[in-house]
Amino acid sequence: MERLPRMSRRVFTGGSLLTAATLGLPALYAQTQPETRKVTISVDSKNTFYCLPLTISEQLGYFKSEGLEVGISDFESAALALQAVARGSADICSAGFEHTLHLQSMQQMYQSFVLQGRAPQVAFGVSPQNLPGYQSITDLKGKKIGVPALGSSSAMMASMVLSQGGLKAGDASFVGVGKAADGALAALRSGQVDAMSNTDPLMTMLEQKGEVRIISDTRTLKGTMEVFGGPMPAACLFAPLDFVRKNPNTCQALANAMVRGLKWLQTAGPGDIIKTVPESYLLGDRGLYIASFNKVRESISLDGILADEAPRTALKALASFDASIKTGSIDLGKTYTNVFAQRAKERFKA
């Protein structure tokens, strides 16, 4: 069994489960019925590899197997996906873990309960056309960097790279270009942006076309360690803390479906992925999709569990360039729980 975060390890004894008193939840030693069968998940760009585990669990019917009717609302950015939860049109959000930290800094308590990605899957590249003489990060001073949206995980990763290269906030500017191939290409070719920080399959496509030269890459665990200095949690399912506490059986059912999907992904070949995802996700180029999948494969979570130090890595990273994030005021124990994923892991032997 993998080690659990400190806040969870304290209440595990050998193979026993977390006591109900810890979270104020009823004991879930036996499989129980979800409190809420109909659940809506708002998603930040569902067709990206960032949320592939969610798509797999949906397409293979794993949510239905858990007695759930899951509706998925797709949005172009995490900000819009979060707004859906805030206004009550969605119950759960699928987006980057770092948003739980931002929300808590604004006195809004959200908790992650199953991890999809153990690396951000973001690649940062410069345009050979617009920056033909690029040699180091300092060459990006005064330049424009394309990102899916302001405040996105891609913008966070680029900010870290700029900071490590000696640039301060404001030395370069971010431009929201979305995740669509056409928009990103147009922004690069027109000179609207000089560099791009984004996810796959877009970045692999830009690489293949010679539109970007990758200078930093968190699609791999090694690249993530170089940028963030530790494991950096990426996409996860999170919800208002009150929802998690009131609907533990529902959260367990969701975690079961997701961990089952993660287990399937451990042994699935590229051909299996192609057959399972919607045709529209392939962008008309199966070879590109497979190449992209191979680049991000090791970044996909194995079992839905956050590593001990992952939340701390995320907090340290955000605080390094975002003055609104005060490390002393963030209670990491309320931003995530491994309880549901651990139970699912044991059930499915993930």
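**Rings, sheet and cores**

Modeller: Start with a charge: K179 lies over the face of Y50, 5.9 Å from the ring centre (NZ of Lys or CZ of Arg within 6 Å of that centre and within 35 degrees of the ring normal). This is a predicted model, where local features need pLDDT of at least 70 and side-chain atom pairs 80 or more, while totals for chains, interfaces and linings use all residues. Numbering runs from 1 along each chain as its sequence is written, and side-chain values use heavy atoms, without hydrogens or water.

Now the rings. The count of aromatic pairs is 4 (Phe, Tyr or Trp rings, six-membered for Trp, with centres within 6.5 Å; planes under 30 degrees apart are stacked, over 60 edge-to-face, the rest tilted). F49 and F293 make a tilted pair, because their planes stand at 35 degrees, with centres 6.2 Å apart. F49 lies in the loop between β1 and α3 (52-59), and F293 in helix α14 (residues 286-296), so the pair ties together parts 244 residues apart in sequence (helices, H or I of at least four residues, and strands, E of at least two, are DSSP runs numbered from the N terminus). F49 is buried, at 2% relative accessible area (buried is under 20%, exposed over 50%, partly exposed in between; 1.4 Å probe, protein chains only). F293 is buried too, at 1%. Ring pairs join F49, Y289 and F293 into a cluster.

Which part of the sheet do Y110 and F238 connect? Y110 belongs to strand β4 and F238 to strand β10, 128 residues apart. F238 has a relative accessible area of 0%, so F238 is buried. Y110 is buried as well, at 7%.

β4 and β10 (residues 235-240) pair in the antiparallel sense over 5 bridges (pairing needs at least two DSSP bridges). In that pairing, V114 stands opposite L237 of β10. Helix α5 (residues 78-86) packs on the sheet and touches β1, β2, β3 (92-96), β4 and β10. The direction of α5 makes about 155 degrees with that of β1 (axes are lines fitted to C-alpha atoms, for helices over the stretch in contact; angles run from 0 to 180 degrees between N-to-C directions).

The sheet itself is open, with 5 strands in the order β2-β1-β3-β10-β4 and mixed pairing. β2 (69-75) and β4 (110-115) are at the edges with a single partner strand each, so one side of each has no neighbour in the sheet. From one strand to the next, the twist averages 30 degrees.

Look inside β1 (residues 38-44), where I41 sits. I41 is at 0% relative accessibility, so I41 counts as buried. Its contacts include L54, V70, I72, I92, L237 and L254, leaving aside residues up to four places away in sequence (contact is heavy atoms within 4.5 Å). The C-alpha atoms of I41 and C236 are 11 Å apart, across 195 residues of chain.

Finally, the cores. The largest nonpolar core has 47 residues, and L101, F124, L140, F228 and F238 have the most contacts inside it (buried Ala, Val, Leu, Ile, Met, Phe, Trp, Tyr and Cys joined through side-chain atoms within 4.5 Å). Helix α7 (residues 153-164) gives the most to this core, with 7 residues. A second, separate core holds 27 residues, including V43, I92, V244 and F340. F124 touches L140, M157 and V161, among others beyond four places in sequence.
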